[in-house]
Amino acid sequence: MEKVELTGVPETMLQTLHARAQYTLSHPQLLSDPQAVELVSRIDYDFTAARSDQLMSFGTAARTLLFDDLVRDFIARHPGCTVVNVGCGLDTRFHRVDDGKTRWYDLDLPQVIDVRRRLIAPVDRVRTIAASAMDPRWPGEVEVTGEVLVVVEGLTMYLSSDDLRILMGIIHDSFPGATALVEVMAPLFQRFGREKSVVRSGARFTYGCRNGKEFCRTVAPGFRAERDVRLSEGMRRIQPRSWLITWFPLFRMIEQKILVLTARPPADG
Ligand SMILES: C[S@@+](CC[C@H](N)C(=O)[O-])C[C@H]1O[C@@H](n2cnc3c(N)ncnc32)[C@H](O)[C@@H]1O
């Protein structure tokens, strides 16, 4: 067993890892993440809060299905591309979507990458980067081949607008023309919503945004909002009857979204 002692936002990656393991066991026809199951069994950590937080685990499973499909689709359209997973935690998406040609980078804070390196054996075509997402030096560690996709899952809600402006500026300036998949929490949920496993870790939701247009206008001026993918699309795949809830206008005001954005090259002159 590997003891993992993290607090605050880094600890939340253990909750989302547990959610993927839980849904792999309960919904194997939808989500297959045997590595998450194996990791949970090897980590010495009290997963009680994650186990009982159905809101968090349902949301994580739903977004995992959507992100996996979006990344698979990008890879299929751009063979030999480069993917950077920002705030990766212990996610092993590479193994769920790899086509044998993709070059992959998993980035997280040094204390999380340290845990990751202790638990996950290195694989060809995957590198880890120990850095803050807002450190402008990390793109220097990325060797770009083909098109670039940047994934930001489960992170923006813990940052500030200023942090996001920095992060999106780094992506924009380092990877012109890149596509970014950015998960955002609705402002109403950010303010009033609570996920008990997140509360227990001491992390707080600090950022919310309504849609891709607002995101680009406020924190990502160099990007174009291509489309917004609603979390309810993933929820309905897991729980078909959830359309009843997701149909209500109030639900639309609190649901998370994955924003599909493209970095426009800087204007000439
Ligand atoms: C909720 S977890 C999500 C992990 C993973 N994306 C997933 O879905 O399982 C949030 C992650 O963001 C990471 N994180 C927080 N602040 C960060 C920063 N400034 N730079 C990079 N990663 C950060 C945390 O360490 C943690 O792994």
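A polar contact is a pair of N or O atoms within 3.5 Å; within protein, one must be able to donate a hydrogen and the other to accept it, and residues adjacent in sequence count only if both atoms are side-chain atoms. This is a predicted model, where local features need pLDDT of at least 70, side-chain atom pairs count only at pLDDT 80 or more, and totals for chains, interfaces and linings use all residues. Residues are numbered from 1 along each chain as its sequence is written, and side-chain values use heavy atoms, with hydrogens and water left out.

**Ligand contacts**

| Residue | Protein atom | Ligand atom | Distance |
|---|---|---|---|
| Arg-63 | polar side-chain | oxygen | 2.9 Å |
| Ser-132 | polar side-chain | nitrogen | 3.2 Å |
| Glu-153 | polar backbone | nitrogen | 2.9 Å |

On its own, the ligand has 590 Å² of accessible area, and the protein covers 96% of that (Shrake-Rupley method, 1.4 Å probe).

**Shell**

Around the ligand stand 21 residues (a heavy atom within 4 Å). Thr-16, Arg-20, Gly-87, Asp-108 and Ala-133 come nearest. Helix H1 (8–26) and strand E4 (103–108) each give two or more residues (DSSP runs, at least four residues for helices and at least two for strands). H1 supplies the largest share, six residues. By class, the shell holds 11 nonpolar, six polar and four charged residues; Gly counts as polar.

**Pocket**

The ligand takes up the space of the largest pocket (more than half of its atoms lie within 2 Å of the grid points). A pocket is an open set on a 1 Å grid over the protein atoms alone, with protein on both sides within 12 Å along at least five of seven lines; lining residues have an atom within 4 Å of a point. Its space is about 540 Å³, filled by probe spheres set on the points.

The lining counts 38 residues, with Val-9, Thr-12, Gly-154, Leu-155 and Tyr-158 nearest the centre. H1, helix H4 (54–77), strand E3 (82–86) and E4 each give two or more. H1 again has the largest share, seven residues. The lining divides into 21 nonpolar, 11 polar and six charged residues.

Technical notes. 1 Å grid on protein atoms, 1.4 Å probe; cavity = no way out; pocket = protein on both sides within 12 Å on 5 of 7 lines; lining within 4 Å.
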